[in-house]
Amino acid sequence: MSYIIAIDQGTTSSRAIVFDHSGDIVSVGQKEHEQIMPRAGWVEHDPAEIWTNVREVVGQALSRANLTRHDIDSVGITNQRETAVVWDRNTGEPVYNAIVWQDTRTQRIVDELAADGGTDRYKDRVGLPLATYFAGTKVKWILDNVDGARERAEAGDLLFGTTDSWVLWNLTGGTNGGVHATDVTNASRTLFMDLETLTWNQEILDDFGVPASMLPEIKSSSEVYGTVAGSQLLREVPVAGILGDQQAATFGQAAFGQGDAKNTYGTGCFLIFNTGEEIVRSQSGLLTTVAYKLGDERTVYALEGSIAVAGSLVQWFRDQLGIIATAPEIEQLASSVEDNGGVYIVPAFSGLFAPHWRPEARGAIVGLTRFANRNHLARAALEATAFQTREVLDAVNSDAGVPLSELRVDGGMVANDALMQFQADILGVPVVRPRIIETTALGAAYAAGLATGFWNDLGELTANWSEDQRWAPAMEEAERERQMRLWRKAVQRTLDWVDEDVSG
């Protein structure tokens, strides 16, 4: 019997998960990496640490299942999107830390580029507004600020990629013939890829001052890119699937049909709505992106609502405030009170993403009275994720013209029953959790297995999906709208905070 291994290179950790043919988890390896924050608004990762951890978690997953490379059909990769790595093709050494998707240091670059045509300057071609979120501004920052980087890039010595490309290049040989490629989903998050042609746009690259020689080759999400090289544990196993993490979760949720949607509750929160083979231009603050492309088949597109802070707000409660010692404690605190006590937390730590796109916003806790205690704060922290999701879903319904009838959910936070019930209440539609909530890694495994024939078609994958739990809305409509009205008031309090003499 053979298996698929998925490498999930995420924002806080790297994981390797072995799946069997039913899509069930056989074993898991996981290791966190350091969150490097040199100053307010800056978030970095060490690419060398990430690559070391990837190799380690692959070893963990194989050993825990008592498997070797001979048992593995293929490797799928999924990754934190938009996080930018620049490295030397000759030495394999990164020229700077990876700049993480949450990082806001490139706001000045955004402002400079937006001076001619506004933040929607490239949106008709790439589906994205100019924002610090995307990888393009990050690679420009590295070229502009790291000594000698621009000269080395123009000489053809530097490579750029999101973390999928970094992992793929190292897996397939690195300096000794490593494959420098990415898939359409990750390429669609750079600000550089034309959505219609699926090619790098030279005019935009020129505007950013990024040499085309740095960029990975754009491939489909499901094909054999190369084989694992050298003395690695998976040597000679084909690497056959790549999907950015949110698209991978959509794939793992078997949301293959036009109008299907999922919401992933991780570090951030990301709702993807499948628009089929049609490119839908959002009028409501959503992103137009690629959902997936299987080999030579037609491209499938999506609308996406990206929320910067969800699970990372719980981490902030744990690591910065010390209110909880472990993440699951927040549910215990939140469940000990009947409501939020009038407290609302808007976690605009790095501005507000969809549907607002307000980079100058900063976090706020509002509605405080002497009555409020840490339990109310904990509840408000969880509710913040649900309120933000409602805002995004309203935008999806406006753009798509077909209201969503239910929401499939996944990610670490969906184990929190209280949050899922409140999410259903505030949306007014059922929330459905699948039996396997590790849908991100599963999606990458599916993409790889489709390319190698391990699975035959999408119908086989759809048959693997099964419902675990469903939450029906129980809140009165009047109360739902009262809560949303107060949430919107809270959001207004966060706007226009950062100005010329306020940094961070």
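**Helix H9.** I started with helix H9 (residues 245-252), which is mostly covered, with 8 of its 8 residues buried. For the record, buried is under 20% relative accessible area, exposed is over 50%, and partly exposed is in between, with a 1.4 Å probe and protein chains only. Helices here are DSSP runs of H or I with at least four residues, strands are E runs of at least two, and both are numbered from the N terminus. The buried residues in H9 are Asp245, Gln246, Gln247, Ala248, Ala249, Thr250, Phe251 and Gly252. Alanine 254 follows H9, and its phi is positive, near 55°.

**Ground rules.** I am working on a predicted model, in which local features need pLDDT of at least 70 and side-chain atom pairs count only at pLDDT 80 or more, while totals for chains, interfaces and linings use all residues. Residues are numbered from 1 along each chain as its sequence is written, and side-chain values use heavy atoms, with hydrogens and water left out.

**Cavities.** A cavity is a set of points on a 1 Å grid over the protein atoms alone where a 1.4 Å probe fits but cannot get out, and lining residues have an atom within 4 Å of a point. Grid points are joined across faces, edges and corners, and the volume is the space filled by probe spheres set on the points. I get 2 cavities of 30 Å³ or more.

The largest cavity holds about 80 Å³. Its lining has 14 residues, and Ile307, Ala308, Leu352, Phe353 and Gln388 lie nearest its centre. I sorted that lining into 10 nonpolar, 3 polar and 1 charged residues. Nonpolar covers Ala, Val, Leu, Ile, Met, Phe, Trp, Tyr, Cys and Pro, charged covers Asp, Glu, Lys and Arg, and the others, Gly among them, are polar.

The second largest cavity has about 70 Å³ of space. Its lining divides into 5 nonpolar, 6 polar and no charged residues. Helix H14 (residues 439-452) gives the most to it, with 3 residues.

**Rings.** I count 24 aromatic pairs. Rings of Phe, Tyr and Trp (its six-membered ring) pair if their centres lie within 6.5 Å; planes under 30 degrees apart are stacked, over 60 edge-to-face, and the rest tilted.

How are the rings of tyrosine 96 and tryptophan 141 arranged? The pair is tilted, because the planes are at 55°, with the centres 5.3 Å apart. Tyrosine 96 sits in the loop between strand E6 (84-88) and strand E7 (98-99), and tryptophan 141 in helix H4 (residues 135-145), 45 residues apart. Tyrosine 96 is partly exposed at 21%, while tryptophan 141 is buried at 11%.

Next, I checked phenylalanine 387 and tryptophan 487: centres 5.1 Å apart and planes at 15°, so this pair is stacked. It ties together helix H12 (residues 374-400) and helix H16 (residues 477-494), parts that are 100 residues apart in sequence. Phenylalanine 387 is buried at 1% relative accessibility, and tryptophan 487 is buried at 1% as well.

I also noted one aromatic cluster of Trp101, Tyr133, Phe134, Phe270, Phe353 and Trp357. Phe353 is one of the residues nearest the centre of the largest cavity.

**Charges over rings.** Arginine 105 has its charged end over the ring of tryptophan 42, 3.8 Å from the centre. Arginine 408 does this over tryptophan 465, at 3.7 Å.

Definitions and conventions. On a 1 Å grid over the protein atoms alone, a cavity is a set of points where a 1.4 Å probe fits but cannot get out, and a pocket is an open set with protein on both sides within 12 Å along at least five of seven lines; lining residues have an atom within 4 Å of a point. A charge sits over a ring if NZ of Lys or CZ of Arg is within 6 Å of the ring centre and within 35 degrees of the ring normal.
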